[in-house]
Amino acid sequence: MDNAAMLGGRRLLVVEDDYLVAMDLADELTDHGAEVVGPAGSVKEALALVAATPAIDAAVLDINLRDEKVYPVAEVLRTRGIPFVFTTGYDAWLVPEAYAGVRRLAKPVDIRALVQSIAG
Amino acid sequence: MEANKAPQGEAKAGVPDSELLRLIFESATDFGIFTMDPNGITTSWNTGATRLFGFEDSDIIGQSADVIFPPEEGGAEAAAEERRLALAHGRAEDERWQMRKDGTRLWASGLLMPLANASSGFVKIVRDRTRQHAAEQQLHETEELFRVLATNIPQLVFRGKTDGSRTWGSPQWSVFTGLVFEDSLDFRWLDAVHPDDRDRTRQAWAEAAASRQYYCEHRFRRAADGEYRWHQTRAVPLGEPTPETEWVGTSTDIHTLRSLQDRQKVILAELQHRTRNLLAVVQSIARQTVRSSASLGEFKEEYERRLRALGRVQGLLARNDHHSIELRELVDMELHAHGVGDTNGKISVQGPPVLLSASAAQVLALAFHELATNAVKYGALRRPVGKLSVTWQTDDAGDDQIACIEKREAANEIREGPKRKGYGSELIERALPYQLGARTRLELGRHGVHCEIVIPTKRNGRSNG
């Protein structure tokens, strides 16, 4: 399977506050055939995107945004039944009980592992 | 020696044998025994007295025995007072400094009694207790030292038994815990221990005897404000631990130390977080540079330049403890890195002090780096006639902090300005607005490059990625 086919046509929300990391993630996901929604750098922007986008297939959420945590976005995604993964710079970051089962990817993100967890 | 005189007064009822008494008198060399007349003139002097005081019979018999009273003890007056007391009470007993023939002093325990026939005078029995006295003094001094130490060091000092019961607590203990002496005895001191730590505290005492030392970290309640503060308690037995063996211990306030250790853990996690984020940025720069490079050689050159710029701003941030840094520092650093400084009027850098967050500094540094590189490669800094100015100001109208950076190059000096928008443009036109909420304008014209960046203060806050 070539790269572009792996995420063929999937609509992915990317939430990441660092522009360089966000663009990199968006570019890589696009290369794998995804249609990127965002990226969004804050909870507010992310929530606006989620509300405005009817069909999101999955999301990649950086836990620590500038002055806030991404959990409000995760909550909305969960109620809409949209799967998501977390990215974080902390190895031993404690997530709330509700998100204990959510897949976490350490930065710098292994794009293959990310793609597989979304495609799978 | 007129031994026959002494037994007369000294004789106890039922011991009539004057010969026996004479033998005792002479053989009791550990005791100085001598007699004197009512005025203190020596009438007999045994071997023990010679040994103790250094006076031979011939020196002292017929002379006043008052010479053994040194001046600081009152001399002859004190001797007379002793005789008066002996007459009044039947005996006078004391411990005091006495003086030898050579003037040295000895600590003497003395008993003076009138002879049966008071008009015959007195008998005095003296024992040398100089060594014991010195030992007692030393013990006293040691105890005093312990007391001073125990009551003046910041640690809470206690004494107790092998099971952890207490027999003494220093004043600091009482001051800290508010538990007075009686309220701290036996196991009542446990009242000051945090309820959650009491089991651990007692368990450590149960194990103390086997290891011959006690160690526990637990919280004591500070009476002054009710705060439970972490203490480290150590104690050791004075000798082989039996149930009755005394233990001495101290409790040291390690609350601040523990807080610092906790803080250290946070800092370590933060460091790891920064490192991982930085690696993500490095990864991003690598892939972005790959995308824009025509050859591996071009990639290598660009990538290394960008990594160096990233390294420089990291160094600057590290020197500022990853808090805010001065905009001027950042600008100067990038210009300097490109081999140009604020000299010859060719370059002007002006503006009031403006602080940048770590997040803003990183993106701005990379953006400045791209601008400076272009200026060196194609623009103002390539030719001697070019000019570059970087200025900024703070907008006092609202809460927006404005950084205005201008770059002007003399006309016709642009050799081949970059036609397509490159990494620098992306950083300025997209990264700054995305990450800092900045409004930016970038014009690449024949007369040079004009760049404006407006950063709202509220977005120039601390970054935590």
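**Notes on the interface and the sheet**

1. In this predicted model, 23 residues of chain B are in contact with 19 residues of chain A. On the side of chain B that touches chain A, α10 (255-292), α13 (358-377) and α14 (423-436) of chain B each supply at least two residues. The largest share, 13 residues, comes from α10(B). By class, this side of chain B comprises 8 nonpolar, 12 polar and 3 charged residues.

2. Helix α2 (residues 19-31) of chain A packs with α10(B) at an angle of about 55°, the axes being 8 Å apart. Angles of 65 to 115 degrees count as roughly perpendicular and those under 35 as roughly parallel; α2(A) and α10(B) are therefore oblique to each other. Their crossing is left-handed.

3. Which residues form this helix contact? From α2(A), A:Leu20, A:Val21, A:Met23, A:Asp24 and A:Asp27 take part; they meet B:Ala280, B:Val281, B:Gln283, B:Ser284, B:Ile285, B:Arg287 and B:Gln288 of α10(B). The residues of this contact divide into 6 nonpolar, 3 polar and 3 charged.

4. Chain B contains an open sheet of 5 strands in the order β2-β1-β5-β4-β3, with antiparallel pairing. Its edge strands, β2 (42-45) and β3 (92-99) of chain B, each pair on one side only. From one strand to the next, the twist averages 30°.

5. Within the sheet, strand β1 (residues 31-36) of chain B pairs with β2(B) in the antiparallel sense over 3 bridges. B:Met36 stands opposite B:Thr42 in β2(B).

6. Helix α5 (residues 75-89) of chain B packs on the sheet and touches β3, β4 (105-114) and β5 (122-128) of chain B. The direction of α5 makes about 40° with that of β4(B).

Definitions and conventions. Residues are numbered from 1 along each chain as its sequence is written. Chains are lettered from A and ligands numbered from 1 in the order in which they are written. This is a predicted model: local features need pLDDT of at least 70, side-chain atom pairs count only at pLDDT 80 or more; totals for chains, interfaces and linings use all residues. Two residues are in contact if their C-beta atoms, placed from the backbone, lie within 7 Å. Helices (H or I, at least four residues) and strands (E, at least two) are DSSP runs, numbered from the N terminus. Ala, Val, Leu, Ile, Met, Phe, Trp, Tyr, Cys and Pro count as nonpolar, Asp, Glu, Lys and Arg as charged, and the others, Gly among them, as polar. Axes are lines fitted to C-alpha atoms, for helices over the stretch in contact, and angles run from 0 to 180 degrees between N-to-C directions. Angles under 35 degrees count as roughly parallel, over 145 as roughly antiparallel, 65 to 115 as roughly perpendicular and the rest as oblique. A crossing is left-handed if the near helix is turned anticlockwise from the far one by less than a right angle, and right-handed if clockwise. Two strands pair if DSSP finds at least two bridges between them.
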